[in-house]
Amino acid sequence: MEDLNPTSETVIKGAYACTQLSKAQPGDRFQLERLGYFCVDSDSSSSNMVINRTCTLRESASSKAVSKK
């Protein structure tokens, strides 16, 4: 347990998503644009979807330069 990042879990209640995600089943994988890749958790239910980010998207050097302007 001491090797785990204590801030690695973020719960966002009441988040909005496209209606197609309501059909996702545990183990389904998908990409959310500009955020990363996610997988539906086995703790999900029809009334409470739980998704885990499996990979973040890296920001390119050119987009950093643009955002600083």
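The following questions and answers cover the fold, core, pocket and selected residues of a predicted model.

User: In what order do the elements of the protein chain run from the N terminus?

Analyst: In this predicted model, local features need pLDDT of at least 70, side-chain atom pairs count only at pLDDT 80 or more, and totals for chains, interfaces and linings use all residues. Residues are numbered from 1 along each chain as its sequence is written, and side-chain values use heavy atoms, with hydrogens and water left out. Helices (H or I, at least four residues) and strands (E, at least two) are DSSP runs, numbered from the N terminus. The chain has one helix and three strands, in the order β-β-β-α.

User: What percentage of the residues of the protein chain count as buried?

Analyst: Buried means under 20% relative accessible area, exposed over 50%, and partly exposed in between (1.4 Å probe, protein chains only). The protein chain has 69 residues, and the buried share is 13%.

User: Which residues make up the largest nonpolar core?

Analyst: A nonpolar core is a set of buried Ala, Val, Leu, Ile, Met, Phe, Trp, Tyr and Cys residues joined through side-chain atoms within 4.5 Å. In soluble globular proteins, nonpolar side chains tend to be buried together. Here the largest core has five residues: Leu-21, Ala-24, Phe-30, Phe-38 and Val-40.

User: Which residues does Asn-52 touch, not counting those up to four places away in sequence?

Analyst: Asn-52 is found in strand 3. Contact means heavy atoms within 4.5 Å. By that test Asn-52 touches Tyr-37, Phe-38, Cys-39 and Asp-41.

User: What is the length of the polar contact that joins the side chains of Asn-52 and Asp-41?

Analyst: A polar contact is a pair of N or O atoms within 3.5 Å; within protein, one must be able to donate a hydrogen and the other to accept it, and residues adjacent in sequence count only if both atoms are side-chain atoms. Asn-52 and Asp-41 are eleven residues apart along the chain, with C-alpha atoms separated by 6.4 Å. Their side chains meet in a polar contact of 2.6 Å.

User: Why does Gly-36 count as buried?

Analyst: Gly-36 lies in strand 2. Its contacts beyond four places in sequence are Phe-30, Gln-31, Cys-55, Thr-56 and Leu-57. Gly-36 counts as buried because its relative accessibility is 0%.

User: Is Arg-34 buried or exposed?

Analyst: Arg-34 is found in the loop between strand 1 (29-32) and strand 2. Its phi is near 70 degrees, a positive value in a residue other than glycine. At 73% relative accessibility, Arg-34 counts as exposed.

User: How far does the backbone nitrogen of Val-50 lie from a polar atom of the side chain of Ser-44?

Analyst: Ser-44 lies in the loop between strand 2 and strand 3. Ser-44 is buried, with a relative accessible area of 19%. Beyond four places in sequence, Ser-44 touches Met-49 and Val-50. From its side-chain polar atom to the backbone nitrogen of Val-50 the distance is 2.7 Å.

User: Which element gives the largest share of the lining of the largest pocket?

Analyst: On a 1 Å grid over the protein atoms alone, a pocket is an open set of points where a 1.4 Å probe fits, with protein on both sides within 12 Å along at least five of seven lines; lining residues have an atom within 4 Å of a point. The largest pocket is lined by 32 residues, with Ile-12, Ala-15, Met-49, Val-50 and Ile-51 nearest its centre. Two or more lining residues come from each of strand 2 (36-40) and strand 3 (51-56). The largest share, three residues, comes from strand 3.
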